Each structure stands twice: as structure tokens, then as C-alpha cells.
Amino acid sequence: MSFEYAPAPESTSIVKLKPAYGLFINGVFVDGEKTFSTINPATEAHLADVTEASAADVDRAVRAARVAFGSWSKMRGADRAKYLYRIARIIQERSRELAVLESMNNGKPIRESRDVDVPLVAAHFFHYAGWADKLDYAGLGANPQPLGVAGQIIPWNFPLMMLAWKIAPALAAGNTVVLKPAETTPLTALLFAEICQQADLPAGVVNIVTGAGETGRALVNHPDINKVAFTGSTEVGRYIAQAVAGTNKKVTLELGGKAANIVFDDAAIDQAIEGIVNGIFFNQGHVCCAGSRLLVQESIAETVLGLLYERMKNLRIGDPMDKNTDVGAINSAAQLSKIRELSDAGEAEGADRWSAPCTLPEKGFWFPPTVFTNVSQVHRIAREEVFGPVLSVLTFRTPDEAVEKANNSPYGLSAGIWTEKGSRILEMSSRLRAGVIWANTFNKFDATSPFGGYKESGYGREGGRQGLEPYLKVASK
Amino acid sequence: MGLTTQAPSSTFSDETRTNASLTKFLHGLPGVDQVGADERAAMLSTRSIKTSAKAEGIDLAISMIDLTTLEGMDTAGKIKTLCAKAQRPDPFDPTTPSVAAVYGDKVAQAKSYLTGSSIQVAAVATAFPSGRASRAVKILDTSDAVAQGADEIDMVIDRGAFLEGRYMDVFEEIQAIKVACKNAHLKVIFETGELRTYDNVRRASWLAMIAGADFIKTSTGKVAPAATLPVTLVMLQAIRDFHNAGQRKIGMKPAGGIRTTKDALRYLVLVKETLGDAWLTPELFRLGASSVLNDLLMQRKKLQTGAYSGPDYVTVD
Amino acid sequence: MSEHIEVRRTAKLFIGGAFPRSESGRTYEVTSPEGKFIANAAQGSRKDARDAVTAARAIQPKWAGATAYNRGQILYRIAEMMEGRRAQFIDEVSPWAKSAKKAEAEVDEAIDRWIWFAGWSDKIAMVVGSSNPVAGPFFNFSVPESTGVVAAIAPGRPSLLGLVDTIAPIIVSGNTTVVIASQDAPMAAVTLGEVLATSDLPGGVINILTGSYAEIAPWLASHMDVNAIDLSGVDDKKIAAELEKASAENLKRCLRPGTELDGLARIKNWLELKTVWHPRGF
């Protein structure tokens with residue numbers, strides 16, 4: 001008997017798409033001049049028309065946020081908390097709808113958006129709701145004050161989750177926001193705007209301006225914002241840091257990574273294999289903290305690779321709306337071409353390439369889970385962020401060498417350590433120059449756990465008590 | 001269904017020379033991270049088994065059931081109805097469990113009620129469920145059941161010896177029971193609820209496999225927790241490693257705590273995604289459960305008619 | 001059309017998630033300050049207290065073992081249920097409130113206070129715990145843990161807000177509790193029990209006894225399976241001293257009446273601190 005899984009599609013009928021969406025400014029949806037199409041990357045089907053916010057639109061949004069800041073910042077923390085609790089509750093109530101829409105617009109499997117993304121979104125709002133009336137305990141002195149209006153720009157890999165990471169702490173601290181979702185994934189942000197309306201959130205506290213690079217630049221450069229929060233590529237992060245130089249704008253950046261996932265010879269091997277797979281194939285590898293470099297101890301490299309290839313054969317690549325899909329679609333044609341370019345470079349550089357056998361759908365953007373072995377530090381695929389389901393495998397001999405190779409990168413976002421030896425975990429983690437270290441696990445996120453990078457992976461933390469700091473003025477006395 | 005016994009491998013003679021060498025080998029196996037194992041099992045539990053896959057899974061699960069009665073109050077009448085149910089669980093469908101499992105002194109009765117049927121009889125032995133008796137008594141318990149016609153023997157390991165670190169005693173006991181089995185298949189029960197850690201379960205798996213087990217089994221069903229998905233996962237991975245090391249295919253049986261069709265299908269998913277389709281056969285995978293049979297029948301009825309069924313429409317054996 | 005004759009509620013104890021009468025079979029009259037009859041409340045006995053401690057102990061590991069997020073969700077749900085009973089609570093605190101407005105204010109503050117405590121669940125460890133830079137190659141961290149079962153005598157007044165201030169900081173960190181409610185004004189506590197029963201709170205986390213603290217409290221103070229005791233509601237100095245003395249037998253953590261505490265300090269009262277060392281090295 002073969003026991004093949006029959007299709008198990010999650011129905012998309014729960015999502016009621018509008019043909020066109022405006023911008024969410026001052027509590028209402030307003031039209032703009034230009035629109036652009038947003039699609040489902042798994043099928044290339046058009047989903048809706050979305051407005052491109054002009055510089056004038058961005059200005060309107062910032063003004064609305066500034067006006068709203070007056071009363072929002074003076075509101076009792078306990079009352080701000082209640083609005084955030086309402087939002088958290090409505091997210092829970094509409095969680096299936098949000099998960100389906102996220103998968104439709106992003107390409108990630110419904111199982112992930114349902115079991116990982118949306119629950120974390122609700123959790124972030126719950127966690128920060130509880131901080132709104134406890135800012136005295138945040139470790140920033142008594143009665144810390146909000147900054148004002150925050151301009152927030154988020155990427156396409158975890159659209160709603162990145163929105164939650166930005167908006168929840170900002171609002172809890174008393175700021176108001178203008179947020180620009182990524183141009184390929186605007187829809188869950190627009191549904192979030194509806195949720196703000198359902199929660200009776202005062203107008204102007206949250207504003208959503210959809211658009212692409214131009215809109216983002218207009219927001220970053222607007223003279224009346226006090227803070228820029230950005231998650232995305234290091235390249236754009238660099239631009240932003242330059243753009244705000246000389247101004248009073250506070251900045252936090254969460255950028256790229258090329259994390260080392262380090263497997264020692266005494267690792268709990270089956271769980272390490274899961275950690276490797278999870279580390280690079282979760283979310284199609286569109287993860288800034290992905291374990292994109294496997295650093296495996298030379299003595300067990302062959303064993304690990306053998307088990308890894310076997311395990312990868314069980315990965316199910318395909319329709320994101322199928323509940324049994326493990327790996328979904330690449331988010332865009334542009335990203336797919338970047339992944340292909342770097343993978344071709346990997347082959348040209350002399351690394352050995354292996355991909356999991358799978359049938360890819362005709363339409364849509366797809367890339368099979370791929371492993372490069374015999375990779376050296378000098379190779380492009382060991383240094384540059386692919387941001388796709390591509391793993392580069394390098395070896396090491398000793399813990400010192402592992403640390404050296406892991407740290408040998410301009411990036412410093414995350415790292416993984418697999419060993420059963422406690423003291424080694426602690427010594428490794430004290431020496432690795434990375435902002436998030438996972439030992440015997442990977443890609444774990446929690447609203448209470450601060451997340452952010454070292455070096456060119458950015459600065460500032462999101463999550464936990466430390467995640468409030470980027471949105472508050474430290475007490476001066 | 002033909003159950004063949006295979007000769008235990010001799011390639012572990014160095015490891016099994018002394019208790020010290022056996023300990024070194026077992027303790028040198030890779031550890032199991034509990035959280036990671038639990039997570040992998042939980043993720044596989046989210047597999048959505050619908051329509052044709054569900055129908056296939058239900059039939060497969062039914063054929064894998066060791067239909068069991070192990071009660072102090074088992075009477076001839078109870079054995080009779082169990083055997084009747086095993087031969088024809090559903091008057092309108094020929095799919096049956098593979099095996100009826102009973103206490104050792106009920107084997108002859110079970111055999112007589114199953115004359116002419118292809119259903120085999122498994123007997124629990126070795127002072128089941130506690131395993132607390134002398135080696136001689138356990139061997140006699142086994143050979144007695146075999147003499148009555150048992151096709152399979154489900155033995156329990158000596159957990160006391162295992163937890164004391166007397167691995168060699170456990171090993172030799174399995175070997176001795178295997179000899180007493182003659183041509184009967186040997187299943188070795190670990191009672192994972194008493195071994196507690198996944199590291200112990202991995203060690204017990206290897207110990208039993210190199211000692212000559214045909215099947216490794218989680219539990220007696222008399223101690224909680226009985227079978228769980230993560231424990232089963234760890235055992236399936238040990239079987240995989242044993243096979244990858246060039247050794248024979250070992251079967252696996254989770255027992256106890258499998259109540260619903262959903263539970264049963266989750267175990268099949270685990271087997272499929274750890275060992276592959278080759279293990280999806282009663283020759284290599286069984287479910288130690290009885291109450292789940294009725295739920296499987298009701299679920300099958302729902303697939304056929306489109307309406308939820310009820311307990312009045314399946315039989316109480 | 002005849003007027004609707006109201007169906008009056010029976011006031012019972014809240015133990016292990018259920019509503020038993022006192023095993024002693026006794027009740028006492030609850031009257032307003034003006035002497036108007038309100039209800040016959042259950043008069044809790046030492047055996048009720050004993051049963052409540054058993055229930056609180058049984059569920060404590062599970063409650064402490066839940067994630068902080070989960071506990072926070074349940075506490076938030078309790079606040080939702082309290083909000084739904086706002087009018088009833090106002091009714092019940094009114095006889096003792098100085099004005100209708102003050103009664104409303106007390107209830108609103110009680111709900112808001114509960115929400116405030118709910119939000120602490122996943123933050124206590126961040127604020128109370130630490131990693132400690134010891135002078136050696138060790139990773140050293142301190143984490144707060146719940147102390148176990150906490151007995152409490154809630155303030156007589158204000159009957160709802162005082163109860164919230166007593167209970168919420170105990171359970172938010174994973175403790176369970178047996179509370180003796182205001183003797184004169186127990187009805188808000190009775191309603192709170194009903195709120196708790198509809199809030200996904202596991203039975204036994206909070207147990208509410210009505211009756212005389214002078215009679216019941218000594219049995220809780222001397223109980224060897226109670227880890228801590230909150231004496232805030234004991235307004236008799238002599239009794240408070242005796243209870244503190246009895247608590248010393250198994251070294252209960254004891255909160256004396258009249259102690260001024262902010263909310264976080266109230267939570268910290270019922271926490272232990274565990275410090276762990278682990279070497280760092282290859």
C-alpha cells in the first residue's frame with residue numbers, strides 16, 4: 001500500500017477580496033492616483049489593485065499620525081492597552097481569514113501561516129498591550145515618553161508578522177505610525193487596517209500607505225517623522241542610515257543574514273537534521289535569520305548529509321493552500337531570478353549541487369530545495385544572502401574553527417548550535433557574534449524574546465522588554 | 001500473511017561480549033533531544049488525511065490491528081466473541097485485523113475459534129505486564145504459549161534490570177525467549193512509560209534489535225503513558241538506522257492509547273515519513289489497539305454514506 | 001401581564017471549580033449596612049478550607065507549568081467575563097459604596113486592575129530575573145518561580161477591588177490560592193466565583209470561601225501544605241499576630257496586614273528565586 005496523501009485544500013472562500021484597495025489614512029480608506037496589481041505568486045493570478053501612495057499621500061498620512069499622536073500619547077496606558085487587546089482579540093477571531101490571505105499573497109504554506117505566523121501576530125499584540133501601562137518597569141526610568149510619529153517599512157517574507165513586530169510596541173509606547181508594507185504583499189496589512197476600524201482605534205493612530213521604493217523613500221525622508229523602523233535588505237538599510245544622517249530621527253534596522261548552523265559530532269542527530277531542514281527550507285528560505293550555511297563537523301559530515309538528503313525527499317513542494325505542503329512558492333519573479341543567479345554562480349564556482357526530486361507546478365514561481373556541498377568561505381554562495389531554499393555546506397574540525405568561520409561574515413543576525421554538551425553551547429554562544437542564537441533548535445520566535453542583529457544585520461531589538469526601547473525616549477534624569 | 005523469522009545478526013559480537021562493552025555501545029548512540037522529537041511528531045500530526053487517502057488509511061489500519069483482550073476476567077466466551085469480531089468486523093467488508101492477541105493460557109481456545117481463518121494468534125508472555133519473575137518462569141511462560149500454537153509472542157523486557165544498567169541480562173533474556181519462540185515471531189515490549197526518556201528508548205531499541213527481536217513494541221497498555229507519537233518516532237528512527245547499517249528490517253508496534261481513527265492515521269503518517277512505504281504493511285507495522293477498530297469502521301461508514309455514524313451501528317465484542 | 005418574580009441566586013462556596021455548600025451545612029445572613037436582607041451566604045468551615053487546599057495543591061503544578069502566555073490569556077478572559085457582569089457587580093458593591101458613582105468606579109477599577117495584572121504574566125521573568133556576571137567562566141541566571149499554594153484573607157472593604165488586588169497577583173505567576181472573602185460583603189466574591197467558572201480557568205486555581213476569617217484562617221495558617229499566607233484582610237492585630245505565629249511552623253512566606261505595596265511588589269511576594277550555574281567551555 002502506498003498511502004499517498006490526497007489533496008487537502010484549505011478553502012479560500014473565507015477571504016472576501018475587494019477588486020481595489022485605497023490607502024488607510026486617518027481611520028478611513030482613501031483613493032490615490034495610481035494603482036498597481038498584486039498577485040498570488042503560486043499561480044500568478046491577479047488578486048487586487050492596490051494604490052501606490054504618492055509623496056503627497058505620505059504627507060497626508062504623517063500629518064494624520066501627528067495629529068493623532070497628541071491624544072494617543074496622553075491617553076492612560078491602561079486605555080491604550082485596551083485598544084491593543086481588542087486588536088489582539090480580533091486577530092484571533094479572524095485568524096483563519098488572515099492566514100489564508102497571507103498564503104494567497106505571499107506564497108507560503110497555509111500550515112505555516114496558520115500555525116506560526118498568525119498566532120505570533122496575536123501574541124505580539126497581547127504582549128505589548130500589557131506593556132502599555134507598565135512602561136515604568138521597562139528599565140528606562142520612570143515615565144518614559146514616546147518619540148512621536150514612526151515611519152515603518154516592512155518586507156514581504158512575513159508580512160503580517162513584521163507588521164505586528166513594528167506596530168505593537170510603537171503603539172504601546174504611545175507613538176502613532178505610518179507603515180508601508182512590501183509592494184508584493186500589501187493585502188494582510190490592508191485587512192489589518194479593517195481590524196483597526198473594528199477595534200474603534202482612534203483615527204490616525206495607524207496609517208497604512210501601500211507602494212514600492214518611491215513611497216518608502218518619501219516616508220523615510222519625510223521631515224516630520226521622529227523614528228524610522230525598517231526590516232529588509234542590508235542594501236536598503238544602508239540607504240536609510242545615510243538618509244537620516246544629520247537629522248534627529250531615531251533608527252532601527254533589521255537586515256540580512258548568512259547564519260551558520262553548526263552541527264557537532266555529538267549532536268542529537270535526528271533533531272539536528274530537522275533543525276537544518278527547518279533552518280533553510282522553512283518559509284522557502286525567505287528568512288533573514290535562515291541557517292543558510294551548514295557548518296558540520298568534518299567527522300560526521302557524510303552521515304549528516306546522507307540523512308539530510310533522505311529527509312529532504314519527504315519535503316512536499318507545491319500549492320500553498322494545501323494543508324500538507326511544506327515548501328511553497330517563491331514570492332516574486334524578481335526573487336526567483338536572484339536565487340537562480342546565485343545558484344548558478346555556486347555551480348560555476350565549483351560547488352556540488354543537489355536538489356530534492358520534486359514536480360514543480362507549471363505556473364507560479366518555484367525553486368526546488370537545493371544543497372551545495374564542497375563549499376568554501378570564498379564562494380559567493382557562502383557569503384551572499386540567497387534568500388531562498390538553498391543551503392551551503394561547509395565543514396570544520398574544532399569548535400574554535402567553527403566560531404571563526406561562523407563569525408567570518410559582515411552579517412551577524414543569528415546562529416545555530418547542535419551539541420548535547422551544555423558547556424559547549426554556552427561557550428559557543430558567548431563567542432558567536434550574532435544577535436539570536438538557537439541551541440538545539442532553530443527559527444523559534446516569541447513575543448517575549450528580543451530579536452535583532454550584530455554588524456551589518458542591523459541594530460535595535462524587537463520583542464520583549466528591550467523591544468520597547470526603540471520607541472521611547474530614555475528618561476533624562 | 002506469512003510471518004518469517006530472520007536469524008539474529010552476528011555482527012555485533014564485539015559489542016555484546018560483556019556488560020561493559022554493551023553499555024559503551026548503547027551509551028555511545030546519539031542522544032535524542034526531547035523537545036525536537038516532540039516537535040517533529042507534532043508537525044507530522046498536522047498532516048491532513050482526506051478522501052481517498054483516508055479510505056486507504058482506514059483499510060490499512062484495520063489490517064494492522066492486533067485485536068486484543070488481556071483481562072483477568074477473560075473467559076472462553078470473551079475469547080470467542082473477540083475471534084468472531086476479528087474474522088468479520090464489518091458484515092459488509094472483508095478487511096480484517098491480522099492477529100488476535102490473548103494471554104498465554106487462552107491461546108488454545110483462540111486457535112480453536114479461529115480454525116480455517118488466516119488470522120494468527122499472538123500471546124503475551126514473560127510475566128506480562130510486569131516482567132517480574134525469574135528467567136526460568138518466563139521461558140516456561142513462553143514455551144507453554146508456543147506449544148498451544150501461538151504464532152507470535154509479545155514479551156516484556158526486564159525494566160528493573162535495564163534501569164540498573166544490567167543491559168547484558170536484558171539482552172540474554174531476549175535471546176533466550178527468542179529460542180523458546182521456535183518459529184513464532186518475537187515482539188519485544190519496552191514499556192516506554194517506565195523507561196521515561198527518549199535516550200532510554202533509543203538504547204532499548206538497539207538492544208532488542210541486536211538481540212533478535214522481530215518487532216519492537218512500545219508498551220503493554222497497562223501503564224500510562226502507553227504509546228505516544230514521539231516515542232514511536234524515536235523507535236522508527238532506530239529501525240531506520242539499523243536497516244541503513246545493513247541489518248534486517250524490524251517491525252514496530254505502538255500499543256495503548258490509540259483510540260480514534262485520527263490517532264491511527266497519525267501513526268501511519270509517522271511510518272510513511274520515517275521509514276517509507278515499504279513498512280506500511282502488517283508484516284512490519286501493527287497497532288496494539290482494540291477500541292479504535294469501531295471508530296475506524298464508523299469513519300469508513302461516514303466516508304461511504306456522508307453522514308456521521310454512531311456506536312449502535314458497530315458491534316460490541 | 002403579571003410582573004416577573006425574580007429567581008434569586010443561592011450563594012455557595014467555590015472550590016475546585018465547583019460550587020458546593022459548606023460541608024457544615026451552615027449559612028449566615030448577609031445584610032446591607034442599613035440592615036436590609038441580601039442573602040444567606042455559605043459559612044465556610046475548617047473542612048471546606050481543607051478541601052480547598054487539596055484542590056489548590058492538586059492543580060498547582062499544571063497551572064505553574066502552563067506557559068506565561070497561556071496564563072495571561074486566561075486572566076484576560078476573566079476580565080472579559082467580569083466586564084459582562086459589570087451591572088451585577090455594581091449592584092453587589094453598592095450597599096457599601098458611598099455613592100452610585102463610587103460603586104461604578106470601584107467595579108471599573110477592579111476590571112482594569114485585573115487586566116493590568118493579566119499583562120504581567122509574560123513580563124515578570126524579564127523584570128525580576130537576571131543573568132548574573134559571576135567572576136568565572138560560568139553562565140549564571142536567576143529565574144522567578146511560583147511558591148505554590150497561597151492562603152489569603154481578602155480585605156473587608158472594598159469587597160471587589162480588594163479581592164482583585166489579593167487574588168490576581170497570586171495566580172498570575174503560577175500560584176494557586178484559597179481566599180477567604182469579606183465576611184460582611186461577600187456577594188461580589190460569590191459572583192467572581194461564577195465569573196471564574198466561565199473563564200477557562202482550571203478548577204482549583206482559585207478557591208473562594210465565605211464566612212468568618214477568625215474561624216477559618218487559623219486552619220490555613222497552620223496548614224503544613226500551604227506555602228504562603230496573605231493577612232491583608234485581618235483587621236484584628238491580635239489575630240494577625242497569632243496567624244503569623246502559626247504560619248511560622250513551616251516557614252510560610254507571610255504578608256502582614258497594612259503593608260503598603262505596589263502591584264509588582266504584590267506579585268513578587270509570592271515568588272521564589274532560583275539561580276542556576278553552568279560552566280562555559282569547549
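# Notebook: a predicted complex of chains A, B and C

**Entry 1. Helix 4 of chain C.** I began with what covers the buried residues of helix 4 of chain C: the cover includes helix 2 (77-93) of chain A, together with helix 2, helix 3 (86-93), helix 6 (161-171) and helix 10 (263-268) of chain C. I took a residue as buried when 20 or more other C-beta atoms lie within 10 Å of its own, as exposed at 12 or fewer, and as partly exposed in between, with C-beta atoms placed from the backbone. Helices (H or I, at least four residues) and strands (E, at least two) are DSSP runs, numbered from the N terminus. Two residues are in contact if their C-beta atoms, placed from the backbone, lie within 7 Å.

I listed the buried residues of this helix as A103(C), E106(C), V107(C), A110(C), I111(C), D112(C), W114(C), I115(C), W116(C), F117(C) and A118(C). Helix 4 of chain C has 19 residues and runs 27 Å from first C-alpha to last, close to the expected 27 Å. The expected span is 1.5 Å times one less than the number of residues.

**Entry 2. Conventions and confidence.** This is a predicted model, in which local features need pLDDT of at least 70, side-chain atom pairs count only at pLDDT 80 or more, and totals for chains, interfaces and linings use all residues. Residues are numbered from 1 along each chain as its sequence is written, while chains are lettered from A and ligands numbered from 1 in the order in which they are written. The pLDDT is the predictor's confidence in each residue, from 0 to 100. Chain C averages 97, and 100% of its residues score at least 70. For the complex I noted an ipTM of 0.94 and a pTM of 0.95 from the predictor.

**Entry 3. Which chains touch.** Of the two pairs of chains in contact, chains A and B share the most contacts. Chains B and C do not touch, and their nearest C-alpha atoms are 15 Å apart.

Between chains B and A, the contact takes 26 residues from chain B and 20 residues from chain A. Helix 2 (34-44), helix 3 (51-64) and helix 12 (261-274) of chain B each give two or more residues to the chain B side. Helix 3 of chain B gives the most, with six residues. This side of chain B divides into nine nonpolar, nine polar and eight charged residues.

**Entry 4. Strands of chain C.** I counted ten helices and ten strands in chain C. Two strands pair if DSSP finds at least two bridges between them. An open sheet of three strands has the order 3-4-10, with antiparallel pairing. Strand 3 (130-131) and strand 10 of chain C are the edges, each pairing on one side only. Strand 4 (residues 138-146) pairs with strand 10 over nine bridges, and V143(C) stands opposite K274(C) there.

I also looked at strand 1 (residues 27-31) and strand 2 (residues 37-42) of chain C, which pair antiparallel over five bridges. V30(C) stands opposite A39(C). The two strands form a hairpin with five residues between them, and G35(C) in the turn has a positive phi of about 95 degrees.

Entry 5. Buried residues make up 48% of chain C.

For chain B I counted 13 helices and seven strands. Buried residues make up 51% of chain B.

**Entry 6. D319(A).** This residue is in the loop between helix 10 (301-312) and helix 11 (333-348) of chain A. D319(A) counts as buried because there are 22 C-beta neighbours inside 10 Å. Neighbours within four places in sequence aside, D319(A) is in contact with A42(A) and T325(A).

Note on methods: Nonpolar A, V, L, I, M, F, W, Y, C, P; charged D, E, K, R; others polar.
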